[in-house]
Amino acid sequence: MNTLDPRHSADYAPENIYDILCRHAAIRPDAEALVEGAVRLSFKALKGRIDALGKALMASGVKPGGHVFVVAPPGLMFFETFLATTSIGGVWCGGNPRYKSGEFAHLLSDIDPVLVIVQSPFDDRDYAQELQ
C-alpha cells in the first residue's frame with residue numbers, strides 16, 4: 001500500500017475538496033497542482049493562495065452558507081474562487097460569462113449574494129459595469 005497516496009490511507013476521509021487540497025499540500029507540497037498558461041502552482045502555493053482568498057472573503061462579510069456569485073471563464077480565478085468559497089463554508093454560485101443582462105439580474109435576485117466577483121473585462125464585455 002502506498003501511504004503517500006491519499007486514496008490509499010486508511011485514516012483519510014475528506015469532507016470536501018479543500019480537505020483534499022490540504023492533504024496533497026501536506027504530502028507533496030512541491031508537486032504541480034495547477035497550470036494555466038505561464039502560471040504553474042504547486043500544491044503548497046495553491047493552498048496558500050486559497051487560504052489568503054478565503055480570509056479576504058471572510059473579511060468581505062462571507063460567512064458559512066453565504067452566497068458568492070462569480071462570473072469568470074473556466075480558469076485560475078474560477079477555480080480559486082470556488083476552492084476559497086467552499087473552504088470557508090460559503091456557497092459558490094457560478095455565472096456563465098455568456099449570460100445576457102436579464103439572466104444575470106434573475107440570478108442575482110434569486111441567490112442574493114453576499115459578494116459578487118467578476119473577471120472583467122472578458123470577451124469584450126465589462127461585467128463590473130454591467131452588474132452594478
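Q: Where is the place of Ser42?

A: Ser42 sits in strand E2, residues 39-42. Strands (E, at least two residues) and helices (H or I, at least four) are DSSP runs, numbered from the N terminus. Before we go on: this is a predicted model, where local features need pLDDT of at least 70, side-chain atom pairs count only at pLDDT 80 or more, and totals for chains, interfaces and linings use all residues. Residues are numbered from 1 along each chain as its sequence is written, and side-chain values use heavy atoms, with hydrogens and water left out.

Q: Why does Ser42 count as buried?

A: Buried means under 20% relative accessible area, exposed means over 50%, and partly exposed lies in between (1.4 Å probe, protein chains only). Ser42 has 17% relative accessibility, so Ser42 counts as buried.

Q: Which residues does Ser42 touch, not counting residues up to four places away in sequence?

A: They are Pro29, Asp30, Ala31, Glu32 and Ala33. Touching is a contact, meaning heavy atoms within 4.5 Å.

Q: What makes the pair of Ser42 and Pro29 a polar contact?

A: A polar contact is a pair of N or O atoms within 3.5 Å; within protein, one must be able to donate a hydrogen and the other to accept it, and residues adjacent in sequence count only if both atoms are side-chain atoms. Here a polar atom of the Ser42 side chain lies 3.3 Å from the backbone oxygen of Pro29.

Q: Why is Arg40 called exposed?

A: Arg40 is also placed in strand E2. Its relative accessibility is 52%, so Arg40 counts as exposed. The side chains of Arg40 and Glu32 are joined by a polar contact of 2.7 Å. Arg40 touches Leu34 and Val35 as well as Glu32, leaving aside residues up to four places away in sequence.

Q: Why is His67 described as partly exposed?

A: His67 has a relative accessible area of 25%, so it falls in the partly exposed class. His67 belongs to strand E3, residues 67-71. A polar atom of the His67 side chain is 2.6 Å from the backbone oxygen of Ile111.

Q: How far apart are His67 and Val114 in sequence and in space?

A: They are 47 residues apart in sequence, and their C-alpha atoms are 5.6 Å apart in space. Val114 is among the residues that His67 touches, and so are Val91 and Cys93.

Q: How do you know that the reach of helix H3 is close to the expected one?

A: The expected span is 1.5 Å times one less than the number of residues. H3 (residues 76-87) has twelve residues and reaches 16 Å from its first C-alpha to its last, close to the expected 16 Å. Among its buried residues are Leu76, Leu83 and Ala84.

Q: At what angle do helices H2 and H3 pack, and how far apart are their axes?

A: H2 (residues 43-59) and H3 pack at about 65°, with axes 8 Å apart. Axes are lines fitted to C-alpha atoms, for helices over the stretch in contact, and angles run from 0 to 180 degrees between N-to-C directions. The residues of this contact divide into eight nonpolar, four polar and two charged. Ala, Val, Leu, Ile, Met, Phe, Trp, Tyr, Cys and Pro count as nonpolar, Asp, Glu, Lys and Arg as charged, and the others, Gly among them, as polar.

Q: How many helices and strands does the protein chain have?

A: The chain has five helices and five strands. Buried residues make up 33% of its 132 residues.
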